[in-house]
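Thanks for coming. Please take a moment with the sequence and the model, and then I will go through a few places one by one.

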Amino acid sequence: MFPYNSMRDFVAELEKRNRFIRIKEIDQDVYESTALIYKMLERLGDKAPGFLAERTKIGGKWFDTPVVGNIYNGYDTVALAFGVKDVSDVSIDMYHAAVDRIQTFLQPDGRWKEIPPVEVKREKAPCKEVVLHGDDADVLKFPWIKNSPLDAAQYISAGSFVMQDPEIGKNLGTYRIHIKGPRKIGAYFTNQSHGYAMMMKAADRGQDTVPVAIAVGIDPISWMMSSTRLADMGVDEFAVAGGFRGKPVELVKCETNDLLVPAHAEFIIEGEIPMEVEEEGPYGEMFGYLGKETTTFFVKVKAITHRRNPWVFNIYCGAGSDSNSTSAIDGSLPD
């Protein structure tokens, strides 16, 4: 029931509507999940269901951590995520219904309605059920997906960076994350992004590192805020998400810094970004091309917290999976 406090709540609603399937196992060493997405989209288009793979093989090893994908495919799922009451399977109707719904949150002064987030205690935060520090905070313990043989490595494709700058304010942004080692991951900020602006401000102040937290598997509205430019520089995307939800987003404090992160996330990866850059990529981008190898920042992982039985949320960018998730927001932006 809207508003969905977690990705799991949303998936439960998709299952009720027969828009989600469960698969016993996927061998990603031969790119089975990628092939599944391409075939489903080819045959079913925006009616292709979301899925959960109970076991996934990566690098010759079977992982029992489920992998979830394709949950925002089709405008009916997007309308559902935004709280449209009468959801149908007519795509064009659902696109316009989602746009109309979003525009109800636009205030006369041109700003979006906001409800500030609330901080909850750690015992009320599912993302704190398991806490890993030091060498135990190993990202390779989990089945992050390499979508394409041409990708440089496994990627965390659906991570939302939580950052804060004393001059700019707050930022929730989705950036691609190249897995480089057990406790080292890429942070690809384009030079137009709010994350990049924060890195440049920190460099100007002479900072050696910037604290960061990366949330994976968050509630639908917060995820879509993370993946768009709806909020201006420094505006708290969690507050805007609260306005859209009609209730505050629940946040909890990180283990290793003062950042507040979504309490109902599947994973939180905490770390720091040094003022260093190195090679990253290539990676299959959402428009169907192979993004070039580039030079960008990276994160030194300091802690990982997660649900007791977490789900990895993956988007299959090159296939166009989940590509509808932000279209309704884009269509709602004022001129």
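I start with phenylalanine 2. Leaving out neighbours within four places in sequence, phenylalanine 2 is in contact with Leu80, Ala81, Phe82, Gly83, Arg101, Ile221, Phe244 and Arg245, where contact means heavy atoms within 4.5 Å. Phenylalanine 2 sits in the segment before helix H1 (7-16). Helices here are DSSP runs of H or I with at least four residues, strands are runs of E with at least two, and both are numbered from the N terminus. With a relative accessible area of 21%, phenylalanine 2 is partly exposed. On that scale, buried is under 20%, exposed is over 50%, and partly exposed is in between, using a 1.4 Å probe and protein chains only. From phenylalanine 2 to glutamate 13 is eleven residues in sequence and 9.3 Å in space, C-alpha to C-alpha.

A word on the source. This is a predicted model, in which local features need pLDDT of at least 70 and side-chain atom pairs count only at pLDDT 80 or more, while totals for chains, interfaces and linings use all residues. Residues are numbered from 1 along each chain as its sequence is written, and side-chain values use heavy atoms, with hydrogens and water left out.

Next, helix H2, residues 32-44. Its 13 residues should span 18 Å at 1.5 Å a residue, and the end C-alpha atoms are 18 Å apart, which agrees; the expected span is 1.5 Å times one less than the number of residues. Which residues of H2 are buried? They are Ser33, Thr34, Ile37, Met40 and Leu41. These cover an arc of only 135 degrees around the axis, so they lie on the same side of H2; the arc is taken from the directions from the helix axis to the C-beta atoms. An α-helix has 3.6 residues a turn, so residues three or four places apart point the same way. On the other side of H2, Glu42 and Arg43 are exposed. Strand E1 (20-27) and strand E2 (50-58) are among what covers the buried residues. Just after H2, glycine 45 has a positive phi of about 60 degrees.

Last, serine 157. It is in the loop between strand E7 (155-156) and strand E8 (159-165). Serine 157 counts as buried because its relative accessibility is 7%. Not counting residues up to four places away in sequence, serine 157 touches Tyr283, Phe313, Asn314 and Ile315. Serine 157 and glycine 134 are 23 residues apart in sequence and 24 Å apart in space, C-alpha to C-alpha.
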